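Hi,

Here is the structure I promised to pass on.

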Amino acid sequence: MEIENTNPNVYQKCGEREWQSTDEDDNVCDPFDTREIFDLVRVINDPEHPLTLEELHVVQEDLIAVDNDKNEIKVNFTPTIPHCSMATLIGLSIRVKLLRSLPPRFKVTVEITPGTHSSEHAVNKQLADKERVAAALENTHLIEVINQCIAV
C-alpha cells in the first residue's frame with residue numbers, strides 16, 4: 001500500500017478531561033457532551049500513519065454536535081488531504097467506535113467536513129447508507145482493519 005500523505009502535519013494533543021465528583025455518581029443525570037464524544041474518537045488510529053485522528057486534526061471537538069433531547073450525535077471529520085482514499089475507512093472507524101460505545105438510542109451521523117475532500121458527497125452518501133455500512137462490516141478484512149484502527 002502506498003502512503004498518500006507521506007509527511008502529514010502533526011498537532012499537539014489536548015489535555016485530558018477534568019473529572020468532576022458527580023461524573024461517577026449514578027444518581028446524577030449526566031447527558032453526553034461533545035467532549036465525551038471527542039474522547040471516544042480522538043484515540044482512533046489513522047490507517048496510514050502511527051498517529052491518532054486527534055494528532056492529525058482529522059477529528060476536533062468543535063466539529064462534534066450532541067443533541068441529547070433528540071438522541072442525535074453528528075461528527076464531522078477532516079481528511080489530511082483533499083483526495084484521501086482512506087476517508088471512507090476513517091468514517092467507518094468513527095461510526096463503528098461510536099456505535100459500539102454509545103447506547104443504541106443515539107442516531108450517529110458521520111460526515112466529511114464540508115469543502116475538505118474532493119469526493120465528500122460520495123463518501124458521505126456511503127457513510128449514511130445503512131445497508132452499505134452493514135455490508136462493509138461483514139467484510140472480514142475490512143472489519144479487521146477497522147478493529148486495528150479503533151483498538152486502544
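**The cavity**

Asp46, Glu48, His49, Thr80, Cys84, Met86 and Ile90 line the largest cavity. By cavity I mean a set of points on a 1 Å grid over the protein atoms alone where a 1.4 Å probe fits but cannot get out, with lining residues having an atom within 4 Å of a point. That lining splits into 3 nonpolar, 2 polar and 2 charged residues. The space inside is about 50 Å³, and searching the whole structure gives 1 cavity of 30 Å³ or more.

Before you read on: this is a predicted model, where local features need pLDDT of at least 70, side-chain atom pairs count only at pLDDT 80 or more, and totals for chains, interfaces and linings use all residues. Numbering runs from 1 along each chain as its sequence is written, and side-chain values use heavy atoms, without hydrogens and water.

**The aromatic pair**

The count here is 1 aromatic pair (ring centres within 6.5 Å). It is edge-to-face (planes over 60 degrees apart), because the rings of Phe32 and Phe106 have centres 5.2 Å apart and planes at 90°. Phe32 sits in the segment before α1 (34–41) and Phe106 in the loop between α2 (87–101) and β3 (107–112), so the pair ties together parts 74 residues apart in sequence.

Cheers

Definitions and conventions:
On a 1 Å grid over the protein atoms alone, a cavity is a set of points where a 1.4 Å probe fits but cannot get out, and a pocket is an open set with protein on both sides within 12 Å along at least five of seven lines; lining residues have an atom within 4 Å of a point. Grid points are joined across faces, edges and corners, and a volume is the space filled by probe spheres set on the points. Ala, Val, Leu, Ile, Met, Phe, Trp, Tyr, Cys and Pro count as nonpolar, Asp, Glu, Lys and Arg as charged, and the others, Gly among them, as polar. Rings of Phe, Tyr and Trp (its six-membered ring) pair if their centres lie within 6.5 Å; planes under 30 degrees apart count as stacked, over 60 as edge-to-face and the rest as tilted. Helices (H or I, at least four residues) and strands (E, at least two) are DSSP runs, numbered from the N terminus.
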